[in-house]
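Here is a walk through one protein model, written for someone who has the sequence and the coordinates open. Start with the rings, then move on to the strands and the overall fold.

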Amino acid sequence: MSKIPQAIGPYSTYRETTDLIFVSGQLPINGETGNIESDEFSNQIKQVMENISLILKETNNSFNDIIKTTCFLTDLSNFGIFNEVYGSYFNEEFPARSAFQVSKLPKDALIEIEFIIQK
């Protein structure tokens, strides 16, 4: 059974085209329990990045193949922690990125990241 968290609504976790994979927003949900395991921002961003890693593995890609991310944070005062953890998962070339503060995320998550992979 996949450790990738299942979609929590009527949408696909990801969809593939000939050249691209569009991945829905990833919340800090533990795929084995279906729950957000921590209220701490640094743990939540690590869980999101691990979920992204699982999707990359399942699609036979790597972090180097991500060309665009859109990041949603409920508090931009966590931006420094976000950059530190997020940046540690990428090597040389970072993807294009947008980051926004939002008032609320599903399941009261503190972070959500959607992304596009170039195959």
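In this predicted model, the charged end of R97 sits over the ring of Y86, 4.9 Å from the ring centre. A charge counts as sitting over a ring if NZ of Lys or CZ of Arg is within 6 Å of the ring centre and within 35 degrees of the ring normal. Y86 also belongs to an aromatic cluster, together with F63, F79, F82, Y89, F90 and F94. The structure holds seven aromatic pairs; rings of Phe, Tyr and Trp (its six-membered ring) pair if their centres lie within 6.5 Å.

A word on the ground rules: residues are numbered from 1 along each chain as its sequence is written, and side-chain values use heavy atoms, with hydrogens and water left out. As this is a predicted model, local features need pLDDT of at least 70 and side-chain atom pairs count only at pLDDT 80 or more, while totals for chains, interfaces and linings use all residues.

Now for the strands. Helices (H or I, at least four residues) and strands (E, at least two) are DSSP runs, numbered from the N terminus, and two strands pair if DSSP finds at least two bridges between them.

| Strand pair | Residues | Sense | Bridges | Residues facing each other |
|---|---|---|---|---|
| β1 and β2 | 14-16 and 20-26 | antiparallel | three | Y14 and V23 |
| β2 and β7 | 20-26 and 111-118 | antiparallel | five | V23 and F115 |

β1 and β2 form a hairpin, with three residues between them.

A polar atom of the Q26 side chain lies 3.0 Å from the backbone oxygen of S24. Leaving aside neighbours within four places in sequence, Q26 is in contact (heavy atoms within 4.5 Å) with several residues, including T13, V48, I52, I113 and F115.

Two loop residues are worth a click. N60 has a positive phi near 60° although it isn't a glycine; it lies in the loop between α1 (41-58) and β5 (66-73) and is exposed at 72% relative accessibility. K107, also not a glycine, has a positive phi near 60°. K107 lies in the loop between β6 (96-101) and β7 and is partly exposed at 46%.

Zooming out, the protein has two helices and seven strands, running β-β-β-β-α-β-α-β-β from the N terminus. Its radius of gyration is 13 Å, close to the 14 Å that the globule rule gives for 119 residues, so it is as compact as a globular protein of that length. The radius is taken over C-alpha atoms, and the rule is 2.2 Å times the number of residues to the power 0.38. The C-alpha trace spans about 35 × 30 × 20 Å along its principal axes.

Note on methods: A polar contact is a pair of N or O atoms within 3.5 Å; within protein, one must be able to donate a hydrogen and the other to accept it, and residues adjacent in sequence count only if both atoms are side-chain atoms. Buried means under 20% relative accessible area, exposed over 50%, partly exposed in between (1.4 Å probe, protein chains only). Rings of Phe, Tyr and Trp (its six-membered ring) pair if their centres lie within 6.5 Å; planes under 30 degrees apart count as stacked, over 60 as edge-to-face and the rest as tilted.
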